[in-house]
Amino acid sequence: MKTLKYSDGSIIHAGDRIFYNGQPGTIALVAAHNEYSANYPKQDWPSIKTGFMIIFTNGARMHLDEPDEHFSKDKDESMEI
């Protein structure tokens with residue numbers, strides 16, 4: 001199983017506050033590490049077997065298999081150039 005990490009090398013965990021393309025969100029689950037937040041238990045997401053899911057402050061959800069250039073713990077670092 002692949003360990004998913006931020007650009008600084010730290011491990012991504014359920015509950016982390018992040019930014020994706022400048023939009024704030026929270027990591028709801030990290031299927032790759034078998035981590036699920038209390039509001040997003042594993043049994044509710046059987047189809048997600050890889051990567052992680054972000055829940056944005058506006059309620060939108062996004063599943064990514066791996067972090068990309070728009071994903072960061074820092075808002076400015078996550079913005080499109």
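**Exercise 1.** In this predicted model, find how many residues lie between β2 and β3 in their hairpin, and which turn residue has a positive phi.

*Solution.* Step 1: the hairpin formed by β2 and β3 has four residues between the strands. Step 2: within that turn, Asn-34 shows a positive phi of about 60°. Step 3: β3 covers residues 35–36, and two bridges join this strand to β2 in the antiparallel sense.

**Exercise 2.** Work out which way β1 and β2 run relative to each other, and how many bridges join them.

*Solution.* Step 1: locate β1 at residues 17–20 and β2 at residues 23–30. Step 2: the two strands are antiparallel and are joined by four bridges. Step 3: Phe-19 has Pro-24 in β2 as its bridge partner. Step 4: two residues separate the strands in this hairpin, where Asn-21 adopts a positive phi near 50°.

**Exercise 3.** State how many bridges pair β2 with β4, and which residue of β4 stands opposite Val-30.

*Solution.* Step 1: β4 spans residues 52–56 and pairs with β2 over five bridges, in the antiparallel sense. Step 2: opposite Val-30 is Phe-52 of β4.

**Exercise 4.** Decide whether Ser-72 is buried or exposed, and name its side-chain polar contact.

*Solution.* Step 1: Ser-72 belongs to strand β6, residues 71–72. Step 2: the cut-off for buried is under 20% relative accessible area. Step 3: Ser-72 has 3% relative accessibility, so Ser-72 counts as buried. Step 4: its side chain makes a polar contact of 2.9 Å with the side chain of Glu-77. Step 5: beyond its neighbours within four places in sequence, Ser-72 is in contact with residues including Ile-18 and Phe-19.

Note on methods:
Residues are numbered from 1 along each chain as its sequence is written. This is a predicted model: local features need pLDDT of at least 70, side-chain atom pairs count only at pLDDT 80 or more; totals for chains, interfaces and linings use all residues. Side-chain values use heavy atoms; hydrogens and water are left out. Two strands pair if DSSP finds at least two bridges between them. Buried means under 20% relative accessible area, exposed over 50%, partly exposed in between (1.4 Å probe, protein chains only). A polar contact is a pair of N or O atoms within 3.5 Å; within protein, one must be able to donate a hydrogen and the other to accept it, and residues adjacent in sequence count only if both atoms are side-chain atoms. Contact means heavy atoms within 4.5 Å.
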